[in-house]
Amino acid sequence: MSLLHVSHLVKQYTRGKGLFRRGTTVTAVDDVSFSIDESETFGLVGESGSGKTTTGRCILRLVEPTSGAVSFNGENVLALNARDLRARRRDMQIVFQDPYSSLNPRMKARHIVEEPLIIHRLGDARARRERVAELFARVGLDPAHLERYPHQFSGGQRQRIGLARALALNPRFLVLDEPVSALDVSVQAQVVNLLMDLQRDLKLTYLFVAHDLRLVEHICDRVAVMHLGKIVEMGRTAALFERPQHPYTRALLSAIPVADPDAPRARVVFDPASADRSNALREVEQGHWAAI
Amino acid sequence: MSHLLEVSGLTTVFDLPNGPATAVDGVSFAIREGETLGLVGESGSGKSVTALSLLRLVQPPGRIAAGRITFKGRDLMSLQETEMQRVRGADIALIFQEPMTALNPVFTVGQQIGEALRVHGRTTRAGARHEAIRLLTAVRIPDAPLRVDDYPHQLSGGMRQRVMIAIAIACKPALVIADEPTTALDVTIQAEILDLLREMKQSLHLSLLLVTHDLGVIAETADRVAVMYAGRIVEQGPVREIFRNPQHPYTRGLLASMPGGARGTRLRAIEGSVPLLGALPAGCAFHPRCPDRFAPCSTRVPGDYAATPEHSARCFLLDPLLEGRGALPPVPSS
Ligand SMILES: Nc1ncnc2c1ncn2[C@@H]1O[C@H](COP(=O)(O)OP(=O)(O)OP(=O)(O)O)[C@@H](O)[C@H]1O
Ligand SMILES: Nc1ncnc2c1ncn2[C@@H]1O[C@H](COP(=O)(O)OP(=O)(O)OP(=O)(O)O)[C@@H](O)[C@H]1O
Ligand code: SF4
Ligand SMILES: [Mg+2]
Ligand SMILES: [Mg+2]
C-alpha cells in the first residue's frame, strides 16, 4: 500500500514580474508523479536546479504547488485548510541539508527539540521533558548536552538535533533533503546509520533527496531521476543502477567518481538532443519506468 | 623524474585573540614533473591553507611560521614579494572552488584572460583577445569567439570553471594548484572538468596539486595521494597503495566508511567528530577516534614512518621499536 501518492505535480515560479512586466515563468516541477510505499526509502536524484527540493516542499505544502495532487494516507493534502494541515504535519516532517542554519542559534537544544510538542500542545512540562530526553537518547546525543546551544555542537550532532526535532511528533514520513551533504565525510556514515536504524525501529517512510549517488544506491529501495523538473526515469534501485535506460541517467551514473584507482571508466556524455523532453514515462521492465 | 616542488616542515599559524592556532603543522611533500598529487582531507583539515601557503598568499592573522618551499630549485620563502608575484600565475597557477568569487563580475572573460596574460608580459592588447579565444576553445567552451565577450554571470557554473582553467593555463605554468575545482558542480559537469584537467595536464606537461575531500575524485585523478587530518599529513603514497594498502587508521576508516556492500547494511562509521582547531587532542590528533590506539598515542606525536620507500604514515603502529602494545582503551562514543 502506498502511503504517499503524488500525481501530476507542477510548480511554477514567476521571476522579474513588475507592474508593467509579465516576467518569465520557470517550471521548477513539471508534471511529476510517483508513490512511496509504507516503510520505503524513495530516492530523488538529479542535477542542481532539477526540482528535487521543490518537490519535497510541495508535498509538505511548505510551498504551494501550482497544480497536481498529493495524497497522504488516502487524504488529499492539497485540499486541507490551515488547521487540518497543521494537524497533518505531525505525520510529515522535513530535515534540512544545512545543520548550521536550520537550527535557531538562540535556542537551547532542549528547547529546539521540545518546540514542536509545545506548538501542538502535547503533554505537560514533565511529559515533554521526558520525551525530549528520550529523543536525545534515540538520536545518540548525550543528555548532558541538553542545555547547550547549537554552536556548541559539531555538524553531525547538529544534524542529530534536527532529526530529534523532526521525530518529536512521531511522524510516519520524513523528507530528508540532502541530510548528510554538509557533514564531514568521516561523520556522514554515522548519520546514515542512524537514519537506517530509525527507519527500521520506527517504521518510517523516507523521501531521500541527495547528490551522492553512491549513498542513494546504498540506502534507497527505489529511485527517481529528475532532469529539468521532470522525472526521466524511476525504478527499483538495483534495476535502475544496473540497467539505466534514459540517456541522462546513463550519463549521470557514468559520472560517479569511483573510489578505486583500477575501476574501469566509461564516461557517457549526455546529449540533450538525444532525449525528447515530451516523452512520457513508459514501463521498460516491471516497476522500471523511463521517458524514452 | 625530478621534483618540481618540494615542501618541508611547512607550518602555518593563525594568531587569534585567544592564542596562536596551528592550521598547518609540519607538512612535507613533493610533486614531480607531470605528476598529480591529490591532497585529501575533511573540512578544516588545512588543505586550503596549505595551498595558499605555497603561493605565500596567507593573509594576517595567518602567517607561515616555519618550513621550506622549493620550486624548480628556487627557495620561494626567500623571494621578494615582487619576485613572488611573478611566480604566481606564470609558474604556479591557482584555481579556486567557487569561480564566481574568483572572477571579476565587471569584466568580460576575454578581458580577464587578457589581463592575466598582460600582467606577465605575454601579449599585447591586440593579441590578447585572439589568445583569449584560443584558450577558451582549448578548454572547450562552445562558440568561443562569442563567449569571449560574456560577463561571468552569463555563464553556467561549469563554464565559469572552464574560464578559470583557461586563466590558469594562460601563462603556461609548470604547476597548477586546483582547490576543490569541482565541489560546487554537478557530478556530470565535475566529470567533464576532471577530464579537461587531465587532458590539459597531458598536453601541457603540467603538474597538478588537486585538493579535494572526495576519495572518488582522488582515485580517478591522482598519481600520488597525501591524506590530511587536523593540519598534518598523516599518510602519503602512490594512489594504488593508498587505496589497496592503507596504513593509517584514519585512511582505513575513511575508505571503510564509504557506501558500499549490500544495500541497506550499516556503514562502518568512524566514531566521534573532527576536532576543532585550537582544541586539538594531544599526541596523535586522531587518537580519541582511533580504534587501534595504544599506550603512546595520547601523549606523544607519532613521527612519519615509512611503509615502503614511497609510502609513509604518521602512526605508531608502524614504529618497529614499539612492541608489546597494551590493551586498547575503549573508544568513547560521540
Ligand atoms: N523561490 C523561488 N523562486 C524562483 N525560482 C525558484 C524558487 N525556488 C526554486 N526555484 C527554481 O526552481 C528550480 C528548481 O529548484 P530546486 O531548489 O527544487 O532544485 P534542486 O533540484 O533541489 O537543486 P539543488 O540540487 O541545487 O538543491 C530552479 O531553477 C530554481 O532556480
Ligand atoms: N583566516 C583565518 N583565520 C582563522 N582561522 C583560519 C583562517 N583560515 C583558515 N583558518 C583555519 O585553519 C584551518 C584549516 O582551514 P582550511 O581552509 O585550510 O581547511 P580545508 O581543509 O581547506 O577545509 P575545507 O574542506 O572546508 O575547504 C581551519 O580550522 C580554519 O578554521
Ligand atoms: S598513532 Fe595511535 S592513535 Fe594515532 S592513528 Fe596510530 S594507532 Fe591510532
Ligand atoms: Mg535542493
Ligand atoms: Mg578548503
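This is a predicted model: local features need pLDDT of at least 70, side-chain atom pairs count only at pLDDT 80 or more; totals for chains, interfaces and linings use all residues.
**A note on the two chains and their ligands**

1. Residues are numbered from 1 along each chain as its sequence is written, chains are lettered from A and ligands numbered from 1 in the order in which they are written, and side-chain values use heavy atoms, with hydrogens and water left out.

2. Ligand 1 sits with chain A residues, including Tyr13(A), Arg15(A), Lys52(A), Thr53(A) and His211(A). A polar side-chain atom of Ser48(A) is 2.5 Å from an oxygen atom of this ligand. Backbone atoms take part as well: a polar one of Gly49(A) lies 2.8 Å from an oxygen atom of ligand 1, and an N or O atom of the Gly51(A) backbone lies 3.0 Å from an oxygen atom of ligand 1.

3. Now to where the chains meet. Chain B brings 41 residues to the contact and chain A brings 38 residues (contact means heavy atoms within 4.5 Å). Together they bury about 3300 Å², with 53% of it on carbon and sulfur atoms; buried area is the accessible area (1.4 Å probe) that two parts lose on being put together, summed over both.

4. How many salt bridges cross the interface of chain B and chain A? The rule finds nine, a salt bridge being a side-chain nitrogen of Lys or Arg within 4 Å of a carboxyl oxygen of Asp or Glu. Arg267(A) forms one with Glu220(B), and their closest N and O atoms are 3.6 Å apart.

5. On the side of chain B that touches chain A, the elements giving two or more residues are α8 (187-204), α9 (215-221), α10 (239-244) and α11 (249-257) of chain B. Helices are DSSP runs (H or I, at least four residues), as are strands (E, at least two), numbered from the N terminus. The most comes from α8(B), with six residues. By class, this side has 16 nonpolar, 13 polar and twelve charged residues.

Note on methods
Ala, Val, Leu, Ile, Met, Phe, Trp, Tyr, Cys and Pro count as nonpolar, Asp, Glu, Lys and Arg as charged, and the others, Gly among them, as polar. A residue is near a molecule or strand if one of its heavy atoms lies within 4 Å of it. A polar contact is a pair of N or O atoms within 3.5 Å; within protein, one must be able to donate a hydrogen and the other to accept it, and residues adjacent in sequence count only if both atoms are side-chain atoms.
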